Amino acid sequence: MDVLRGFALLGILLVNAQNMAGPHMGEGGAPVASWADDTVAWLVTALASGKFYLLFSFLFGYSFTLQRASAERAGASFAPRHLRRLGCLFLLGLAHAVLLYPGDVLTIYAVLSLVLFALRDITPRTAVRIAACLVVGVAVCLLVWGLLMVTLAEPPRPGAASAALRDLVSAYRGDPGSVVAANLRQLHSTLSWNALYGVDMLAAFLAGLAAGRRGLLTGTGAHRARMVRILAVTLPVGLVGGVVMAVCRKGPLDARWYDVGSAVGVLTAPALTAAYVCGLLLLVHTGPGTRVADVLSGSGRLALTHYLSQSLVMALVFTGYGLGLYGRYGAAVVVAGCFVLYGAQLALGTWMSRRFRYGPVEWLLRAATLARRP
């Protein structure tokens, strides 16, 4: 699980950085992008968008089963532990969303975990069926809305920047107060879409719950043939879906097709996520892969600390908290910076995991869960 978390941190960073950096704005105040920026943004959308939050959500559901088992072994009541954990997670997420990044998922995780707790005793088969129904339901909603937009909306004017976008750029380049105000406006404007995508996260929670009940991530080396078969089926499906989503979201189709692409992405992202998981697990059971696993697992044990610190670094770079570079660089430069930051986090994770049992935020969350010093 730590290896998968460490890997997922890269995908989350690549996607979140595009949002925190903002669209590249030219001298005239209109969005501009080079062919390199367009290509990089297109690839991030096809290969990363919608895939890695699913992986984190799946691992969250899997961890739920381990936490419950841990409480049972300790002879402690699971419900108080779980509620304390969710309360701490919600507060962390709220601070993260208001101060750093309105695209935070921790608050959504905390709320959805109440549903997961209520469904904790369902069978793995039922959990998977419910998850499948939720994914299809979200995709249908997005597809219907997207087709309405394609049919009824006016084509966007090329190169045009709305007054709202220009105001957003100005706010994020302003003082810390304007940054917080912009974050609050973003939170409010995306509330309905967060609720919709929260259903998709719940589906991944339930898939993780089913996998945890089956212990699918234990002894993965014995399932090599099965993982090869899964990889062979899910990789082409996931890649085709990712390409369709990128075509609708990043071109050549215009912005009216955005939600149609999102619908395709919701349906096919689980396939590409599964392919990533199987491919990585197959890799770590090879000779060179063991070294990759060691590096990734160190950061995976500090996943929550790294997730929040990624936002902190990007806020210091792109908003008025620090350099105020919002909208000044395109996707190519931003993604290059992401790999530098991720490399630093891998090195730091390896160093810290050899010296400390928990990262600072993990220590805080565990202390809240156990109601005592870990």
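Me: Which residues of H6 are buried?

Reply: Happy to walk through this with you; bear in mind that the model is predicted. Helix H6 covers residues 124-152. Along this helix the buried positions are Pro-124, Ala-127, Ala-131, Val-135, Val-138, Ala-139, Leu-142, Gly-146 and Val-150.

Me: Against which helices do the buried residues of H6 pack?

Reply: An α-helix has 3.6 residues a turn, so residues three or four places apart point the same way. Among the buried residues of H6 are Ala-127, Ala-131 and Val-135. The buried residues of this helix pack against H9 and H11.

Me: How far apart are the end C-alpha atoms of H6?

Reply: Helix H6 has 29 residues, and at 1.5 Å a residue they should span 42 Å. The model agrees with that expectation, because the end C-alpha atoms are separated by 42 Å.

Me: How many residues of the lining of the second largest pocket are nonpolar?

Reply: The lining is made up of 30 residues, and those nearest the pocket centre are Phe-58, Ala-207, Ala-211, Leu-216 and Ala-274. Three of the lining residues are polar and four are charged. The nonpolar ones number 23.

Me: Is Thr-107 buried or exposed?

Reply: Thr-107 sits in helix H5, residues 106-118. Leaving aside residues up to four places away in sequence, Thr-107 touches Phe-90, Gly-93 and Leu-94. Its relative accessibility is 15%, and the cut-off is under 20%, so Thr-107 counts as buried.

Me: What distance separates the C-alpha atoms of Val-15 and Gln-310?

Reply: Val-15 belongs to helix H1, residues 2-21. Beyond residues up to four places away in sequence, Val-15 touches Val-44, Ala-48 and Ser-49. Gln-310 is 295 residues from Val-15 along the chain, yet their C-alpha atoms are separated by 12 Å.

Technical notes:
Residues numbered from 1 in each chain as written. Predicted model: local features only at pLDDT ≥ 70, side-chain atom pairs only at ≥ 80, totals over all residues. Heavy atoms only, no water. Helix = DSSP H or I, 4+ residues; strand = E, 2+ residues; numbered from the N terminus. Buried < 20%, exposed > 50% of the residue type's maximum accessible area, 1.4 Å probe, protein only. Contact = heavy atoms within 4.5 Å. 1 Å grid on protein atoms, 1.4 Å probe; cavity = no way out; pocket = protein on both sides within 12 Å on 5 of 7 lines; lining within 4 Å. Nonpolar A, V, L, I, M, F, W, Y, C, P; charged D, E, K, R; others polar. Expected span 1.5 Å × (residues − 1).
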